[in-house]
Amino acid sequence: MLYRTQVTHIGEYAADALSDNMMILFNDNAPADVADYCFIHPAAELNGEIKAGGQFVLGASRYLITAVGDVVNPNLAELGHITIRFDGGAQAEYPGTVHVEGKCPDELVLGTEIRFELNN
């Protein structure tokens, strides 16, 4: 297990991103103006490096990680702030983006678990 946390707050506009096949994560120290657009979670420790080929787990759904931006690991470790794109992209669109293969959820609820794992 590389990282494990759960959604504790859903920003007013966070669910809008789901219709664009993405979600924005930030830990509970997010600035108020940014938090409105994010799925907020408690800070957690990153135990290793998130890489393509690993797994992103969101609640009961499991996704293959297809690309990881250059600043994903430091941003997640320090701020809990990254973007997940559900498009299976082979190259990271932005430095703070993780691309995964699979259908974006229609909604998220409080308590949804968020995990990053190595591919076993």
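**Cysteines, salt bridges and a loop**

Cys 104 counts as buried, since its relative accessibility is 5%; buried means under 20% relative accessible area, exposed means over 50%, and partly exposed is in between, with a 1.4 Å probe and protein chains only. Before I go on, this is a predicted model, where local features need pLDDT of at least 70 and side-chain atom pairs count only at pLDDT 80 or more, while totals for chains, interfaces and linings use all residues. Residues are numbered from 1 along each chain as its sequence is written, and side-chain values use heavy atoms, with hydrogens and water left out.

How many disulfides does a search of the whole structure find? The search finds 0. Cys 38 is in no disulfide, and the nearest cysteine sulfur, in Cys 104, lies 15 Å away.

Next, the charged side chains. Side chains of opposite charge can pair when their charged atoms come close. The term salt bridge here means a side-chain nitrogen of Lys or Arg within 4 Å of a carboxyl oxygen of Asp or Glu. Across the whole structure, the search finds 6 salt bridges.

Which residues are linked in a network of salt bridges? They are Arg 4, Arg 62, Glu 113, Arg 115 and Glu 117. Within it, Arg 115 pairs with Glu 113, with the closest N and O atoms 2.5 Å apart. Arg 115 also meets Glu 117 in a salt bridge, at 2.8 Å from N to O. Are Glu 117 and Arg 115 buried or exposed? Both are buried, with Arg 115 at 13% relative accessibility. Glu 113, by contrast, is partly exposed, with a relative accessible area of 21%.

Another salt bridge joins Glu 93 and Arg 85, where the closest N and O atoms are 3.1 Å apart. Glu 93 is partly exposed, at 40% relative accessibility.

Last, the loop. Where is Asn 21? It sits in the loop between helix H1 (14-18) and strand E3 (22-27); helices (H or I, at least four residues) and strands (E, at least two) are DSSP runs, numbered from the N terminus. Asn 21 has a phi near 60°, a positive value in a residue other than glycine. At 37% relative accessibility, Asn 21 is partly exposed.

Key: A disulfide is a pair of cysteine sulfur atoms within 2.5 Å.
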